[in-house]
Amino acid sequence: MANLADFKYTMESCNHCGQCKWILPARMKGWDFASVCPLHEFHGFDAYSGQGLIQIAKERLDGKLEYGDGLETLLYACPACGACDINCKSVRDMEVLDTIYALREDCVEAGYLPEPLRRTAANVEETHNIYGKPHSERFAWLPPDFRDDPEADTALFVGCSAYRYPDIALAAIRILRAGGVKFKLLREDEWCCGAPLWRTGQREAAEKLIRRNVDTFRRHGIQTVITACAECFGSFRGGYPRYADTEGLEFKHITQVAAELLSGGKLRLRKGDEPLRVTYHDPCMLGRLSEKYVPWDGEIRPYGLHVPEKVWRRGEHGVYEEPREILRALEGVELCEMTRNLEEALCCGAAARDVDPEFAAWTAAERRREAKAAGAQAIVSCCPFCRDALGSDGENALPYLDLTVLLAERLKEEA
Amino acid sequence: MALSAQAYRELAAIVGERYISSKQHILAGNRVRTPEIPFDYHSADAILLPGSTEEVAAIVKVCNKYGICFVPFISGTLPDAYANRAGTVLIHLKRMNRILEINEEDRYAVVEPGVRHVQLYPEVRKRGLSYTAASVGPGGSVLANFTSTSGDHHTQYGSSRSNRYLLAVEMVTPEGEIIRTGSLQGGCGWFCPDGPGPSLRSIIKGYFGSHGQLGIITKAAVALDACKGPAEIRTEGVSPHHRVYFDSDLSRVYVFNYDNIQNVCQAMLALGEAEVCSTVQKYFYLPLTLLMSDSANDFWKKWTSGYKEAMSMPLVVHIAAQSVREREYEEKILFDVVRETGGKRLPEELENWWTEHMDYFMVVSRLQSVLRLGGGWMPIKLGADSVQHICDVGESIGEYIYEFTETGKIFDAPENYQIIPMEYGHFAHIELLFMWDRTNPAAMKGVAEFRARSREEDLRRHFHAEDVGCLNPTLLQLGPLYSNCHIWMQKIKESFDPNNVANPML
Amino acid sequence: MLYPENTRQLEAIIQKARETKTPLVAVSSRGPHLHGASENPNAETVDFSRMNRIIKIDRRSRYVRVEPGVTFDMLIPEVRAAGMRLNIPFLPRAGKSVVASALEREAVLIPKYQYDYTDPLLTVEAVFGTGDAFRTGSAAGPGTPEETRADMVVPWGPGCIDYLRFFSGAQGTMGFVTWATLKTEVLPALTKLYFVQAESAEKLTRLASILLKRRIPDECVILSRADFAGAFAMSAEEEEKLLKALAPWTMICRVSGFDRYPEERVSIYEGYLKDECAQAGLEAVTELGGLPGLAEKVESMIADCDRRETYWKMRRGGVRQIDMLAPPSRAPRLIEILENLRCPGDFGITVQPQVQGMAFRIECSVYFSGAPEEAGQVDKALEDAARELYEAGAYFDRPYGSLSKLAYAADPVSTEAMRKLKKIFDPDNILNPGKLCF
C-alpha cells in the first residue's frame with residue numbers, strides 16, 4: 001500500500017543521471033542494445049522513463065499536474081518492468097518502481113484508469129480470471145485421470161494463463177510428477193493471483209483478492225506454492241507482502257523446483273532430436289522483480305540513513321541461474337546470451353499491449369531482434385505473457401519455446 | 001510566453017507531430033528540480049526531438065523568426081541544459097544517436113549527440129582503442145562530454161583532458177547556419193581540430209563548453225588512444241554486486257594513503273617524470289567509501305568504523321603495461337616513489353575492491369553512488385593548472401572548511417577533494433566535492449555561504465582554482481579578474497547570436 | 001619598423017595604428033623567412049627582437065615562459081642546463097622565434113608529448129587588434145601575471161572560449177603575442193638512436209603510426225633520401241656520399257630512459273621497437289653507412305637547432321615549401337604525389353608524425369638556386385601540385401600565400417564565421433590584412 005507522499009524522498013533525490021535508461025557498464029557490449037527502458041527508447045521524451053515518471057509523480061503530489069490529457073496513457077504504457085528501478089538502485093537508495101506504483105494508485109483514485117485495464121479488472125472480479133472466461137473452465141484442460149496428493153502441503157498454482165496455454169500447466173504437472181513432488185491443485189478455489197490489480201494501482205481490489213488468496217492457501221494447509229507463471233511468482237513474492245501477511249508461505253517458480261530436481265538426479269532426460277541454439281529471456285517478474293518485498297515503515301534521517309534499516313530489493317536475488325541450469329542440462333541445446341540479460345533483461349512489452357499496442361509490438365520485435373543478433377534459433381522463456389509478446393507474429397519473428405514445456409518434453413518416459 | 005500556434009505548427013512541420021510536444025506531463029519530464037539546484041526551472045513551452053542536423057538548423061531558424069529561446073539537451077546532467085526563462089523550447093538531441101564512423105587506422109570516432117559512453121566505449125575497446133570518458137557515468141552523452149563539460153576523467157594522468165581529444169565538429173550556429181571546424185572546414189575529414197589558420201574550434205569549447213550559447217553541436221569527432229588492457233572484460237555477479245576484472249598480468253591497481261598533500265604532489269611529479277603508470281589520482285575519501293557501500297546505512301557503518309581514517313588521502317594508481325617486464329619496471333619505480341614520499345599501502349581488503357571494479361577505470365561506472373546520501377551534492381573549484389599549484393589549492397582548503405564541517409553546514413569530510421594530474425604531471429585538475437543534508441531546508445544557505453567562501457579564499461590567495469564558466473553570472477563576477485574575458489565572451493555571443501535566443505543565461 | 005619592448009608599448013602601438021588605420025605585421029624571427037607570413041608590403045612591421053627575455057624556466061612544473069624575440073639558439077642551451085628539453089621542430093633555424101614556431105604549429109620531433117596540435121604551446125599573453133591585452137588559459141587570472149600564484153600552464157579557456165586557438169595558426173591576424181608558456185620535458189638520462197630504412201614511405205608511415213600509438217619512441221621523423229642527406233651533410237661532398245648510401249626513406253627514432261632505471265626502460269622500449277619493425281618486415285639499426293660517425297652526429301643534431309651559417313634548407317640558394325597535414329590512412333598517397341613532383345631544382349620530403357601519431361605533417365621543400373625566374377617555375381609547380389594534393393585529401397591547415405584560397409574554398413559559411421571572429425578582435429582589420437581569409 002502506498003501513496004505518493006511516501007516517496008517524496010525518491011522524487012527529490014533524483015539528479016537525472018540517466019542510470020534508469022541505460023545498461024549498466026558491467027554489461028555494456030556496444031552501441032546496440034544499450035537501452036534498458038523500452039518506453040523511453042520508443043517514445044523518446046524523458047517523461048517516458050523512470051526519471052520522468054518520478055518527476056511527474058512529484059508534480060502530482062504538489063498538485064501541479066492533471067490527468068486527462070494523455071498522462072494516464074503514458075503511465076500505463078509503462079510496462080512497470082522495473083529495469084529503471086534496479087538500475088537506479090545499483091547506485092542509489094531510491095524506489096523508482098514503487099513511486100510508479102504509487103502514481104498508478106493516484107491515477108486510479110482520480111478516476112483515470114484506462115478502459116482496457118478496467119475491463120480486465122472487471123473480468124477478475126466477475127470470473128476470477130483476466131480473460132473473462134467462465135471460472136468453471138479454469139481446469140478444463142486437466143486430464144480426467146489426474147489425482148491430487150490429498151495430504152500434500154504444496155500447491156501448484158496454474159494461474160489464469162492455463163486458459164490460454166494449458167500445455168504449460170500440463171508440463172509443470174509432468175515435471176513435478178516425474179520428480180516425485182507431492183502436490184495438489186486448488187481447483188475451484190484458485191483465483192487470479194491479483195497481478196493485474198496491484199500492478200495497476202487498484203489497491204482496494206488487489207488487497208481484497210490477495211488476502212482472499214492467502215486465506216485460501218492457509219485454508220488448504222499449503223506451505224509451498226509452486227507456479228509456472230512468472231507474473232504470479234513475482235506477485236506472490238514482490239506484491240503479496242504489501243497487502244497481506246505471507247509469513248510461513250513459501251513461493252517457488254517451477255524452474256527452481258526443476259533445477260533442484262535435476263541437480264538431485266531426480267529427473268531423467270532424453271536427448272533432443274536436433275541441435276538447437278537458443279537464448280533465454282529473463283521475465284521481469286521472475287528475474288529482477290521477484291525478490292521478496294519486506295514492508296518498511298520507518299524514518300529517513302539526514303544523509304539517507306533509514307531507521308530502522310530497510311531491506312532493499314535491488315534485483316540481485318532474482319531467479320536467474322535456475323532456468324539456465326535447466327537449459328544447460330538439455331543435451332543438444334546450446335545457450336547463447338543476449339546483451340541485455342539477467343537483471344538487465346529488456347522487457348517483452350506485454351504489459352503495455354492493451355494501452356499502447358504499437359509500443360508493445362515494437363518492444364517485442366526489439367527483443368526478438370536482440371535474440372537473433374545473439375545467434376539464437378529460438379527464444380526460450382517461462383512466462384505466459386512473454387510468450388504472448390515474443391511468440392506472436394510480427395517483425396523479427398522467431399520461434400518461442402516455453403522452458404517448462406521444453407523440459408517436460410525431454411523427460412524420459414516413466415517406467 | 002507560450003508558444004504561438006503558428007510557431008508550433010512550423011516546428012511540428014520540421015520534426016513531425018510525433019517528435020514535438022507541449023503537453024504538460026511531457027514537459028514535466030524535463031521540468032525538474034534537482035537536489036543541488038535550489039530553484040524550480042522554468043517550464044519549456046515545447047520539447048522537440050529532431051532527427052538530423054538539417055532539422056536542428058530549421059528549428060533554430062524558426063526560433064529566430066519568432067524570438068523563441070532554445071536550449072539543446074541530451075542527458076540532462078548539466079544544470080544549464082534546462083529552460084531558464086519563459087518562451088523557451090528544449091531541443092532534445094537523443095534521436096541523433098548514430099556512431100557515424102570509428103576509424104581504427106586514423107584513431108577517431110565520429111558521433112552524434114545522442115551516443116552515450118556506455119555505447120561508444122565498448123565499441124572502441126573491441127577495436128583495441130580507448131578514450132577518456134569523462135567522469136559523468138555511463139549514460140552521459142559522449143559529444144556533450146567532449147564539447148560542453150569540463151570533461152575530466154579519472155584516468156587522464158596518462159592521457160589528458162577531453163579538450164585534447166575533441167577533433168573536428170559540425171555545429172548549427174545560433175542563427176541556424178551549419179558550420180564546420182578544423183579539417184572538416186577544409187574539406188578534409190574529421191581528423192584535425194585546428195585551422196585552416198586560426199581555429200573556429202575556439203568557440204566550441206574553452207575550459208568548459210558554451211552549453212548551447214554559441215550553437216548546437218550536431219556531430220563531433222573524438223580522438224582515440226590505444227587501449228592498454230584486455231579487449232574482453234570479465235564480469236561476474238549481478239547488480240549491484242557486479243565484479244569487473246581485467247584478466248591480465250599487464251594490469252595492477254594499487255592504492256596508498258598519505259597524510260600530507262605535498263607528499264602526494266611529490267609522488268605525482270616523480271611518477272610523471274618517469275612516465276610510468278596509467279592512472280594516478282588523489283581521490284575523494286567520501287565518494288570512495290560510498291562506492292564501496294551497499295546503501296546509505298552501510299556507508300554510515302563503514303565511515304564511522306575506520307574507512308574515513310584508513311583512506312583519508314588515497315592515491316589510486318593503475319599500471320597498464322604492454323609487457324610483464326614493463327609492468328614490473330613500473331611497479332619498481334612506483335614503490336620507490338611511494339617509499340620516498342611516505343605513502344602507505346591500503347589493507348588488502350580495501351585495495352582489492354579496485355581490482356574487482358575495473359569499470360571505474362573505463363566509463364566511471366557507479367559514479368552516481370556518490371549521490372547515495374540523498375543527493376545534496378556540489379562539485380566546486382574545478383580549475384586546473386600545474387600539479388604543484390593545484391596541490392597548493394588543495395592544501396589551503398583546510399584553512400577555511402572546518403567552520404562549515406564542524407558546524408554541520410556541510411558534511412563533515414574536510415579532505416574531500418580530488419586531484420587528477422594530466423599528461424604525466426604537466427597539469428592537474430581539482431574538484432572539491434561537498435555534500436549537505438538536502439532534507440533540511442536551511443541547508444542551502446550554508447551551501448551558498450561555503451561556495452562563496454571557497455571562491456573568496458581562492459581569489460584572496462590569487463589561486464587559479466576555478467575557471468569562469470560560460471556566459472552566466474559567475475562569468476560576470478570573475479571576468480574582470482580573468483583578463484576581462486566576460487567582455488570578449490559577450491562580444492562573441494552578440495555577434496553569433498544577435499537575437500539572444502541560444503540558451504541565454506543573462 | 002617598430003620595436004616594442006613590453007606589452008604596454010605594444011598596446012600603444014596598436015591603439016595608434018587603429019586611430020591612423022595603419023596596418024601592422026609582426027616579425028619575431030631572424031631571417032630567412034621561408035613562408036612569407038611576416039611579409040606584408042602594405043603594413044608597418046612590428047619587430048619583436050627586443051622582447052627577448054626568457055621569463056621563467058621551471059623545472060618542477062616543466063615549462064618555460066619566453067617573449068617572442070627568444071630564438072631557438074638562445075633557449076635550447078638554457079633549457080638543457082635546467083635538466084630539460086624543448087619539443088623542437090626538426091633542425092629549426094637558429095634564429096627562428098620559439099614562440100612563432102609554436103604559434104605556427106610547426107611539426108615537433110617528439111610526437112608522444114603532443115596531445116594536441118597546439119602543443120607545446122600552453123598559454124600566451126597577446127594584444128588584440130583592439131589594443132587590449134589578454135591572457136589565455138590559466139594565465140587569464142585571477143589578477144595580473146605578477147599577482148597570480150598559478151604556473152599559468154593550462155591551455156584551455158578562460159570560460160567557454162579557447163582563446164589560444166585564435167592565435168595559433170593565425171599568422172598574426174588576430175593579435176600579437178607578447179609572451180608564451182611552452183611545455184618542456186625532462187632530459188633523458190639515457191637514449192638510444194635507431195634508423196629504419198625502407199624503399200617506400202608508406203612502410204615507414206605505417207610503422208610510425210603503430211609505434212606512436214604505443215608511445216614507444218621519443219623523437220620520430222621520416223626523411224626522404226634528399227632531406228636526410230641535405231640535413232646532415234656538412235658539405236656538398238658529404239651530401240653526395242649520403243645520397244648514394246641511403247635508402248629512399250629513413251626513419252630516425254630514439255628511445256629514452258629517465259632518471260630511474262634508465263637502462264631498463266631503454267631495453268624494454270627498444271625491444272618493442274624491434275618487434276614492431278620485425279612485424280613490418282623492417283629492421284631498426286643503430287648505425288648507417290655513408291659517413292663515419294653519422295649516428296652520433298644525427299643524435300646530437302636533432303637535439304638542437306641548425307647552427308650552420310647557411311640554414312640547411314637554403315644550401316642551394318633558394319627554397320620553396322609546401323606542407324600539409326594528413327591522417328595516417330591518407331599520408332602515403334599524398335607522399336606519392338609529391339614524389340612525382342616535376343620542377344626545377346631538387347626536392348626533399350620530410351614526414352613527421354604528430355599528436356601521438358594521429359596525423360602526419362608532410363613537408364616538401366624544393367631546393368633551387370633562388371633565381372627569380374626559377375622561383376616562378378617552382379611556385380607554379382607547387383601550385384599545380386597543391387591542387388592535386390587537395391583533391392587527394394591534403395589538409396592545408398596553415399595555408400601560406402596562395403594556398404589559403406584552396407583551404408577556405410570548401411566551406412564558405414564557416415569561413416564567414418571566422419571573419420566574424422576576426423571583426424571582434426581586429427575591428428579595423430589592421431593586423432596583417434590580406435592574409436588567410438581576411
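Modeller: In this predicted model, two residues are in contact if their C-beta atoms, placed from the backbone, lie within 7 Å.

Biologist: How many residues of chain A are in contact with chain B, and which element of chain A gives the most to that side?

Modeller: The contact joins 51 residues of chain A to 56 residues of chain B. On the chain A side, the elements that give two or more residues are α1 (8-13), α3 (50-61), α4 (71-77), α5 (83-89) and β7 (305-307). By class, this side of chain A divides into 23 nonpolar, 14 polar and 14 charged residues. With 4 residues, the element that gives the most is α3(A).

Biologist: Which element gives the largest share of the side of chain C that touches chain B?

Modeller: Here 73 residues of chain C meet 79 residues of chain B. The side of chain C has 38 nonpolar, 14 polar and 21 charged residues. Two or more residues come from each of β7 (133-135), α4 (164-167), β8 (175-186), α8 (262-279), α12 (403-409) and α13 (412-425) of chain C. The largest share, 6 residues, comes from α13(C).

Biologist: How is chain A divided into domains, and which helix gives the most to the side of domain 1 that touches domain 2?

Modeller: Chain A has domain 1 (1-112) and domain 2 (126-263), whose C-alpha centres lie 30 Å apart. The contact takes 8 residues from domain 1 of chain A and 7 residues from domain 2 of chain A. On the domain 1 side there are 6 nonpolar, no polar and 2 charged residues. The helix that gives the most, with 5 residues, is α6 (residues 96-109) of chain A.

Biologist: What separates the centres of domain 2 and domain 3 of chain B, and how many polar residues has the side of domain 2 that touches domain 3?

Modeller: Chain B is divided into domain 1 (5-92), domain 2 (99-226) and domain 3 (246-460). Between the C-alpha centres of domain 2 and domain 3 of chain B the distance is 27 Å. Contact between these two involves 18 residues of domain 2 and 20 residues of domain 3. The domain 2 side has 6 nonpolar residues, 2 charged residues and, as asked, a polar count of 10.

Biologist: Which strands of chain A stand at the edges of the open sheet of 4 strands, and why is one side of each left without a neighbour?

Modeller: The strand order is β2-β1-β3-β4 (chain A), with parallel pairing. Each edge strand has a single partner strand, so one side of each is left without a neighbour in the sheet; these strands are β2 (184-185) and β4 (250-253) of chain A.

Biologist: Which residue is the bridge partner of A:Leu156 in β2(A)?

Modeller: Strand β1 (residues 154-157) of chain A pairs with β2(A) in the parallel sense over 2 bridges. In β2(A), the bridge partner of A:Leu156 is A:Leu185.

Biologist: At about what angle does helix α12 of chain A run to β4(A)?

Modeller: Helix α12 (residues 254-263) of chain A lies across β3 (224-227) and β4 of chain A. Its angle to β4(A) is about 75 degrees.

Biologist: Which residue takes a positive phi in the hairpin of β3(C) and β4(C)?

Modeller: Strands β3 (residues 54-58) and β4 (residues 63-66) of chain C run antiparallel and are joined by 4 bridges. One pair of bridge partners is C:Ile57 and C:Val64. The hairpin has 4 residues between the strands, and the residue with a positive phi near 60 degrees is C:Arg62.

Biologist: How many residues of helix α6 of chain C are buried?

Modeller: The buried residues of α6(C) are C:Ala226, C:Asp227, C:Phe228, C:Ala229, C:Gly230, C:Ala231 and C:Phe232. Their cover includes β10 (220-224), α7 (236-245), β11 (249-257), α9 (294-302) and β14 (346-354) of chain C. Helix α6 (residues 225-232) of chain C is thus mostly covered, the buried count among its 8 residues being 7.

Biologist: Is C:Ala359 buried or exposed?

Modeller: C:Ala359 lies in strand β15 (residues 359-368) of chain C. Beyond four places in sequence, C:Ala359 touches B:Phe191, B:Cys192, C:Leu325, C:Ala326, C:Pro327 and C:Gln354. A residue is buried if 20 or more other C-beta atoms lie within 10 Å of its own. Because C:Ala359 has 31 C-beta neighbours inside 10 Å, C:Ala359 counts as buried.

Conventions. Residues numbered from 1 in each chain as written. Chains lettered and ligands numbered in written order. Predicted model: local features only at pLDDT ≥ 70, side-chain atom pairs only at ≥ 80, totals over all residues. Nonpolar A, V, L, I, M, F, W, Y, C, P; charged D, E, K, R; others polar. Pairing = 2+ DSSP bridges. Domains from an automatic or database assignment. Axes fitted to C-alpha atoms, helices over the stretch in contact; angles between N-to-C directions. Buried ≥ 20, exposed ≤ 12 C-beta atoms within 10 Å, placed from the backbone.
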